[in-house]
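Load the model in your viewer and keep the sequence panel open.

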Amino acid sequence: MIGYQGIKGRFVYDAYFGLGYRYRSVTHHNRIDPLDMEPYVLHPRIFGMMDEGKFSTPNITLGFRMGYVFPTFKKKIMQETFD
């Protein structure tokens with residue numbers, strides 16, 4: 001993970017990005033036909049998402065958070081940021 005945090009006026013923000021792998025444990029319950037697909041799956045064999053079992057898949061994390069600093073807390077947060 002790599003990211004950046006900053007303060008712009010009364011707003012605070014945090015942007016981050018990461019590459020890696022995720023260990024998955026997939027179990028199918030109450031499935032009549034093991035070849036059935038969920039309607040929202042674009043392709044059934046992308047990284048083995050429809051297969052049952054335990055395996056690792058590539059993982060990409062991308063995020064952005066934003067917050068508002070209320071006037072009474074801004075001074076305290078600015079002091080903690082630069083201490």
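Two strands pair if DSSP finds at least two bridges between them. Strands here are DSSP runs (E, at least two residues), numbered from the N terminus. This is a predicted model, in which local features need pLDDT of at least 70, side-chain atom pairs count only at pLDDT 80 or more, and totals for chains, interfaces and linings use all residues. Residues are numbered from 1 along each chain as its sequence is written, and side-chain values use heavy atoms, with hydrogens and water left out.

**The sheet.** Show the strands. Three of them form an open, antiparallel sheet in the order E1-E2-E3.

**E1 and E2.** Select residues 2-8 for E1. E1 and E2 pair antiparallel over seven bridges. Pick Gly3: opposite stands Tyr16 in E2. Next pick Tyr4, which faces Ala15 in E2.

**The turn.** Move to Gly9. The E1-E2 hairpin has two residues between its strands, and Gly9 takes a positive phi near 65° there.

**The patch.** Now select Ile2, Phe17, Leu19, Ile60 and Leu62, which make a nonpolar surface patch of about 600 Å². Strands E2 (11-26) and E3 (53-68) are the elements that give two or more residues to the patch. Areas come from the Shrake-Rupley method with a 1.4 Å probe, and for residues only the protein chains shown count as cover.

**Last stop.** Is Ile2 buried or exposed? Ile2 counts as exposed because its relative accessibility is 61% (exposed is over 50%, buried under 20%, partly exposed in between).

Definitions and conventions: Patch = residues over 30% accessible without salt bridge, like charges linked within 9 Å, V, L, I, M, F, W, Y side chains within 5 Å. Salt bridge = Lys/Arg side-chain N within 4 Å of Asp/Glu carboxyl O. Helix = DSSP H or I, 4+ residues; strand = E, 2+ residues; numbered from the N terminus. Buried < 20%, exposed > 50% of the residue type's maximum accessible area, 1.4 Å probe, protein only.
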